[in-house]
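Take a look at the structure below.

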Amino acid sequence: MNRFDFIAPHNISEAVAAAAEPGSAYLAAGTNLLDLMKIGVSRPVRLIDITRLPGLDRIEWQPDGGVRIGAMVRNSDLAYDPRFARTFPAVAEALLSGASAQLRNAATIGGNLMQRTRCAYFQDTASACNRRVPGSGCDALHGENRLHAVVGWSEHCIATHPSDFCVPLAALDAVVELEGPQGKREIPLEDFHRLPGETPEQETALAPAELIVALRLPAEAARFAANARYLKLRERTSYAFAVVSAAAALEINDGVISHARLALGAIAAKPWRAREAEASLAGAEPTLEAFTRAAGFALADARPSGDNAFKIELARRIAVRALILAAEGTPEVMPALPASPFSTTPGASHVA
Amino acid sequence: MSLSISLTINGQPRTIALDDPRVTLLDLLRERLDLTGTKKGCDRGQCGACTVLVDGRRINSCLSLVASLDGADVQTIEGLADGDALHPVQAAFIEADGFQCGYCTPGQIMSAVGLIKEGHASGDPERVRELMSGNICRCGAYQGITEAVLEAQKVMADKKGRNAA
Amino acid sequence: MSLDAPSTNARYGSNAGQPLTRRDGVLKVTGRATYAADNHPDGMLYAVTAVSRIARGRVTSLDVEATKAHPGVVEVMTPASRPPLAHDPDEKMPPFGFRIEVLQDSTVRYANQPIALVIAETLEAATEGAALLNPQYDADEPRTGIDDGLRFDPPAVGVGGPPKAAFGDVEAGLAKAAQVLERDYVTPAQYHNAMEPHAVVAEWDGDHVMLDMPNQALAMSCASYATYFGIPPENVTIRSPFLGGGFGSKAIINGPQILAILAARALKRPVKLVLSRAQMYGPVGHRGGTWQKLRIGLNNDGQLTALHHKSISATSSFDDFLEPAANASTHLYASPALLSEHEGIRLDTGTPGPMRAPGEASGSAALEVAIDEAADACGMDPLDFRLHNYAETEPGSGRPFSSKALRECYAEGAKRFGWAGRPLASRQMRDKNGFLVGWGMGTALFPCPHFPAEARATLRADGTALVETAGADMGQGAWTALAQIAAEALGLDPEQVELHSGISTLPDGGIAGGSGHTASAGLALNNAGKDAIAQLSELATNDPASPLFGAGNIGVEARAGRLYRRDDETRSESYAEILARAGRREIVGTAKASRDPAAAEAHAMFSHGAVFAEVKVDPDLGQIRVTRLVGAFAAGRIINPRLVESQYFGGMIWGVSFALHEEAIIDHRTGRIMNADLAEYHVPINADIPSLEAILIPENDPFVNAIGVKGVGEIGITGTVGAIANAIWHATGVRVRKFPVRLEDIIG
């Protein structure tokens, strides 16, 4: 790790001013940034500690039933907040399926959005990576890429976004509040992470020195509380990143789906909102056929970026399963193995 | 640049003169304060051997910068027993043979103490397994670990019940 | 399991056989157990290695100036500045010697090879100093795949083992078979990943050096280090009271530690080196990959007519350690014709080494799946098929087994698991949630090596004893089990026996490896204890003032701290009384022990077991969970059932890991391992292990050694890998022939 200056600002404007200096990085819990600094992927010359900034650690319910979550709220505090877990169960389940209890106790909501890809070539400074060093190439493209992107990738980058949390957030129209040198603004979470295109180094919509101050979930996202799940396929039962994942949320009235939300994780450089799939479900009955059709829409544009065609089929299947589970209803208590296929009670086979 | 950081470590207030902002809590404990019970297994938050409690919450000390911890209360494995009297989690680990080589053990135990404090596992072994999954044991003592956590939780709840009565 | 000791194990007046908790328990749960990297002598410097990011070629430049300019950096050791060694590192040092990489030149032979050592006042400075070296390379094409490496006929496999074993005419056996099964199996490179990284704290005092390091073979290592540094072996002291896991990787001498010791000598200050997790994927050994082929001839009765097992085993470009995988087939199933053979392949990786059940693990994985396939081909239940091909004597040699309670293992394991009624075909079982359920089994087998070992047992004036042997506790429970063995020999309660271990100045306790430490060091302690008791008896029976006077011919018995006249229980005397009257402060018994060569020649000696696995598989998503593992093992006399159960559990979890998780993923374009960490190189976590059961089958073995102890450390892996793979087939119909099993293998 390189030497750096450590700055502890007293308020947001001090933080933003400090971050305007070149080579600065905001430090929240550090569960991702410090790791990247240790392996030489990030080498900031100034760390701006935002963990003490006042007012960023609150969960605030709004009069309309929406919620505003301060950027420094810890993952576990949000996931175990009873009202939050009841209102946005898929988000809580996604949070609890990520990392480990220790990491969730430290990691912040804002930091989760800022997580960098787990692509091994991004992490390996001896490899070419356009995301890390623009223009250097992408060694993942013809490398060990069985877990890489199957949608939204480009020849310049085939990395995926590792967050679980962001997947249901994308499905539920979360909004990110930012504050920067130009003042405050907000953007939909769906637009926060970028697909690589020709500029994979531009990972998010953040302007220089801009700081995430909060995240909002709108009141209308609460309509899915009774039928929302997050499901995550892993190569061990816990403490592993997703191979593929899905957040599904349904509003079912009189046996008919009135509103549907579906987003997929670990298949692209951003959480993958499947709007066509959602549209296909609106007005449909919650049947296997409808879910299978919807999953087909969700993966319609998928193509392997390497040795990973199986991920397309898995993503299709996990979308179907997540929809089935959502239709069956949100579990009354958080499953013992959150988001795991092995936490489900009904495990109906939907693939002949 | 030198930073002065106040910490309470195992109940003792300490003022740390930090000559290098790169020092992690783990390396501070091990290399500068001679509190070597906390172990380094991966230094990247991938194994849990470095688990300590900060402000009562279990975290990976390898991914925590001392510079950002000013004012924090840190509890390590060295501060768990009450003199010669083992903490119930420590005693349960011995009884259930919840370790072999012992290297991951301080992290497992601090994680278990944190888990019990968090109160989300109830008496469900599956929840204990899931919530202890951030602590890798390469020797494979998981079954003993799970038994130990359940037993310690029970002992502590009984004790609490008795004290309340 | 029940922790009541099987009755054959507990001897009258002895605590051996009892499930005592670990003697080192309190130290380990309070953080007071001291591992190598916990040492911090005054004035200590920190060393960090810089490692190569190419797998083959040479280093053309290092920015030593940039590193030296970093505040806190004291010195940079490169091939140009590395002080000389007294022994050529390219010359192997028998018996476990390997060529090592200690900056002898700028050649790079594998990724993660040390290419420089940076020494600094702080860990932070040394780490960053190493990062600033910015090495430039002249890279050659790496050869890391099966199609790239040079093939060769190995003179030996494993540690000096025969590369080939042949009995009978395999081709004739295959020719007359009713059907022949021919199958290929692949196992990947795996890395030990002990939780404790390799480490050393080296402190010189003149030409003496104190090394705090985790070490599975103290005496042997002292001799090796002494040779490298040109000093007498007695000038090297190694302290290794605890190892944070070894699994074979801490029994051999590695380059990085040598560099740190050199730095300490050159700088005249203590130096600490701890490898990073990533740096453990290279210079400290691994389990080499294998490409195995099995050919099995079967007659119409479901019996083997021939068994041919060939393994292509990977080693490095510059040294040999070949996973002796095919040898797993030579001792287990009866066959009139047997052929096991190996071919080597040279890859640009670090040299492999012994890793928990070297050869047996990977060989058993292939064999047990092949046997399951053979049972299926014969339309037989896998357990029936194994019983049908049970080896009453060692296949090939025809030697009797020193003991073999495998039938009991099969029977007890099957009973506890509930094997009866298992449908023969695959995809027949589902649970209430719709998950596919499969049951599979495998036979476990592991040899019983015995290493020469020495020990000392001192009876003290107060009637207690001090026993000493330079063994190592890496989690197997040596401190506890060895004390129990010594206590039995001394006729004392274990509480009255102080055990000193883990430092090389003590009598050579042999090697903590090959599942042979308890037997080897235990026999030495047993004999040393007996020697002390014999001397004590001599004193008493020759002393007219002793109630035991004149009992020399009849003999005395040591029990509960007293000697009893064998024919008259009322005549006895305590150890303390005997010593006091003789005016002796202590009596010192010593022993050098090894296995009786005649018994070894006459018998085949193995531990055996049977492992039964239940898996559940998501029918659509392919995710697998091993929901139940039952293993029944027979390993001679059990000294401490609690600790033995833990050893079996550990081995079985390694079996889960082998079957479902572990694999070093190499980018063959660069030869770099792309998952050299614990986030992506998966080993099981707690939630992967919902249910384990180990059954300890009583077994009396009068030949294996005088204490009847076999080994338990490694056998749990063997059998388990196959059991899980076979259960996956039973659940899904997908045959596992490549490890680990991946989601895409299951969903097709």
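Start in chain B, where the axes of helix H2 (residues 88-95) and helix H3 (residues 105-118) come within 10 Å and cross at roughly 125°. Axes here are lines fitted to C-alpha atoms, for helices over the stretch in contact, and angles run from 0 to 180 degrees between N-to-C directions. Helices (H or I, at least four residues) and strands (E, at least two) are DSSP runs, numbered from the N terminus. H2(B) and H3(B) are therefore oblique to each other. The wording follows set limits: under 35 degrees is roughly parallel, over 145 roughly antiparallel, 65 to 115 roughly perpendicular, and the rest oblique.

This is a predicted model, in which local features need pLDDT of at least 70 and side-chain atom pairs count only at pLDDT 80 or more, while totals for chains, interfaces and linings use all residues. Residues are numbered from 1 along each chain as its sequence is written, chains are lettered from A and ligands numbered from 1 in the order in which they are written, and side-chain values use heavy atoms, with hydrogens and water left out.

The crossing of H2(B) and H3(B) is right-handed. A crossing is right-handed if the near helix is turned clockwise from the far one by less than a right angle, and left-handed if anticlockwise. From H2(B), B:Val89, B:Gln90 and B:Phe93 meet B:Thr105, B:Gln108, B:Ile109, B:Ala112, B:Val113 and B:Ile116 of H3(B). Contact means heavy atoms within 4.5 Å. By class, this contact of H2(B) with H3(B) has six nonpolar, three polar and no charged residues. Ala, Val, Leu, Ile, Met, Phe, Trp, Tyr, Cys and Pro count as nonpolar, Asp, Glu, Lys and Arg as charged, and the others, Gly among them, as polar.

Now move to chain A. The axes of helix H12 (residues 288-298) and helix H13 (residues 309-328) of chain A come within 9 Å and cross at roughly 140°. That makes H12(A) oblique to H13(A). Their crossing is right-handed. H12(A) brings A:Leu288, A:Phe291, A:Thr292, A:Ala294 and A:Ala295 to the contact, and the residues of H13(A) include A:Arg316, A:Ala319 and A:Val320. The contact of H12(A) with H13(A) has nine nonpolar residues, one polar and one charged.

The axes of helix H10 (residues 478-490) and helix H11 (residues 517-541) of chain C come within 8 Å and cross at roughly 30°. H10(C) and H11(C) are therefore roughly parallel to each other. This crossing is right-handed.

On a 1 Å grid over the protein atoms alone, a cavity is a set of points where a 1.4 Å probe fits but cannot get out, and lining residues have an atom within 4 Å of a point. The largest cavity has a volume of about 170 Å³. A volume is the space filled by probe spheres set on the points, which are joined across faces, edges and corners. Of the 16 lining residues of the largest cavity, A:Arg234, A:Glu235, C:Ile624, C:Leu660 and C:His661 lie nearest its centre. Strand S27 (624-634) of chain C gives the largest share of this lining, three residues. The lining has six nonpolar, four polar and six charged residues.

Two backbone details remain. A cis peptide bond joins C:Phe739 and C:Pro740, with omega about -5°. C:Pro740 lies in the loop between helix H15 (720-732) and H16 of chain C. In chain A, phi of A:Asp173 is near 60°, a positive value in a residue other than glycine. A:Asp173 sits in the loop between helix H9 (166-171) and strand S6 (175-180) of chain A.

How values were computed
1 Å grid on protein atoms, 1.4 Å probe; cavity = no way out; pocket = protein on both sides within 12 Å on 5 of 7 lines; lining within 4 Å.
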